[in-house]
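Reader: I'd like to go through this one slowly. Could you show me the structure and let me ask how you know things?

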Amino acid sequence: MTRDDRSNDGSSNDGSSSDDPPRETVSIPNEVELPRLLDFYDLQDAEHTGIHEFYGNLRDGELTTTRCDDCGAVHFPPRIVCPECLSDDLSYTSLPHEGTLHSFTEVRGTAAIGMTDDTPFVAGVVDLGDVRLSARIDDASYEDLEIGDPVRLKIVDIDGPTDQDRVFYRFVPV
Amino acid sequence: MWDDLPLATMRDVYVIGAGQSPFGSFPDETYLSLFETAYENALESVGGELDPDRIDEAFLGTLGVGGRQIGLSSPAVTEHLGLHGVPTTRVENACAASGYSFRSALTAVRAGTADVALAGGYEVMTDTSADQTKWWLGVSGETEWERTSGTTFAGVYAQMASAYLDAYDATVDDLSRVAVKNHGNGAKNPKAHLGFECSLEDARSAPGVADPLNLYHCCPTTDGASAALLASEEVAAEFDGPAVKVAGAGAASGRVGLFQRESLTSIPASVQAGEQAYAEAGVTPDDLDFAEVHDCFAIAELLAYDDLGFCERGEAGRLLREGVVDPDGELPTNTSGGLKSKGHPIGATGTGQVVEAFSQLRGEAHVQVDDPTYGLTHNVGGSGGGVTVHVFERTEVDA
């Protein structure tokens, strides 16, 4: 039976003909829940991450990272095993809250998904002496910044999508 | 380390065929149909009839943008090509996926586990939303500590551009000159995605994407596939046409996140891979007659000139201003149009560069350089997490 035969004889939907395959409309969801990875901040408690102390310190207003008690290496991001000597004898150490801008850009048209509503915004690499880190630079524009400019820590509280009190670091010009 | 490897025990390897699909936006194509086109064009480019049954192994690169057949994607492709039973592996190194699939095929033939190996790559990128594409490219950057600063690759390369322009005598106009040159070449390539010319004024006045990069300093997202057939010297001797030897190969990994690197004005993995490839080939950058370098963003092409020794460090802008890298210059670069104009179907880019090198050394390129002997390809994953460099030589096969 061709498609045209079926539309003409008017009998294909009644299921009475043994030649016709059964038909049914099925639906698919309009939306699927975002996968966990799209929430790009860690779950920050001890149950979910080995570096919960880093987040706890940040929540208390202090930027810290790990230092290896065996070889002395200072890491960023904080580690649970030293990538230089494989020791797991690590301690948390304070990082300065002021550093310099190592490089930067103002993101206009191509922000990471999850931050597309924030454009334009400045992002950069901040030099804190022992380590460098990538961060949002708030209250700044590309035209007003130069490499080497001093910046200082700003702490943001993350609203959603979990009920955890989560925090993260940004920087602002001094 | 690589410099201790017993090169003398490895077999010489030749590229006996290479081909690509058109690069562009093709809603009526799939990764299977695109790769089939590339594969058929590679087979047709062989100087004689290659029985596909002689392909011993296949290595296929893809990031898997859109999340379609990620598991067992390579068997899905070889099945589609009728290469039943051939061992095959998906190779993933983001934008360097098929630079590395080529390397895997090279290694197999060098080692003698294959006499003929297929290397290739494919990507379908234009049928997903802009947000989806950002997600799929975003997960190839450093996902935990760099992406939290809100950047995708444009923002990451923009920071390298800021650092480079601050450190050296290079300008935003030099970035725009990459677009002008590569579009000039791509306009002559019928398989290019953005095959139109652009003027310096066009490139200067494009809308900003991530300062200092504007739209003309960024490559497009593209659908496409490419393939190369590698063979031992004994097999290569059976076929006609100039022989294209893989004279040298280099590869290196690097820190995935920018913040973990000592310098933003160089990609260390490019330097390491380049030095290795030159050493294996026994050549210096002065010996090269052309190069295909990874210009995902205009700054990446300038970094490549410095890192691959085309000039002294910091001199890349001068090569563009003086026309050294133009088609009639001393070292024509990205004669295919590069990623900027030819397009950047992530997994297909590495072997896409090999297609251009093969065409140049056979004298069949759309923007043909005069009688070349040596050419180089340079493929970068992400912002430098993985790099391959290959040096190709037109030579005679000792039958």
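Predicted model: local features only at pLDDT ≥ 70, side-chain atom pairs only at ≥ 80, totals over all residues.

Reader: What makes the pair of B:D127 and B:R68 a polar contact?

Author: Their side chains come to 3.0 Å, and the cut-off for a pair of N or O atoms is within 3.5 Å, so the pair counts. As for another aspartate, B:D28 is 99 residues from B:D127 in sequence, and their C-alpha atoms are 10.0 Å apart in space.

Reader: Next, two helices. Why are α3(B) and α13(B) called roughly perpendicular?

Author: Helix α3 (residues 97-111) and helix α13 (residues 349-361), both of chain B, pack at about 70 degrees, with axes 5 Å apart. Angles of 65 to 115 degrees count as roughly perpendicular, and therefore α3(B) and α13(B) get that name.

Reader: Which residues meet there?

Author: From α3(B) there are B:S98, B:G99, B:S101 and B:F102, and they meet B:T349, B:G350, B:T351 and B:V354 of α13(B). Sorted by class, that contact has two nonpolar, six polar and no charged residues.

Reader: How much space lies in the largest pocket, and which residues are closest to its centre?

Author: About 630 Å³. It has 28 lining residues, and A:T110, B:L137, B:C218, B:C219 and B:T221 are the closest to the centre.

Reader: Which element gives the most to that lining?

Author: That's α4(B), with four residues. By class, the lining has 18 nonpolar, eight polar and two charged residues.

Note on methods
Residues numbered from 1 in each chain as written. Chains lettered and ligands numbered in written order. Heavy atoms only, no water. Axes fitted to C-alpha atoms, helices over the stretch in contact; angles between N-to-C directions. Parallel < 35°, antiparallel > 145°, perpendicular 65-115°, else oblique. Contact = heavy atoms within 4.5 Å. Nonpolar A, V, L, I, M, F, W, Y, C, P; charged D, E, K, R; others polar. 1 Å grid on protein atoms, 1.4 Å probe; cavity = no way out; pocket = protein on both sides within 12 Å on 5 of 7 lines; lining within 4 Å. Points joined across faces, edges and corners; volume = space filled by probe spheres on them. Polar contact = N/O pair within 3.5 Å; in protein donor to acceptor, adjacent residues only side chain to side chain.
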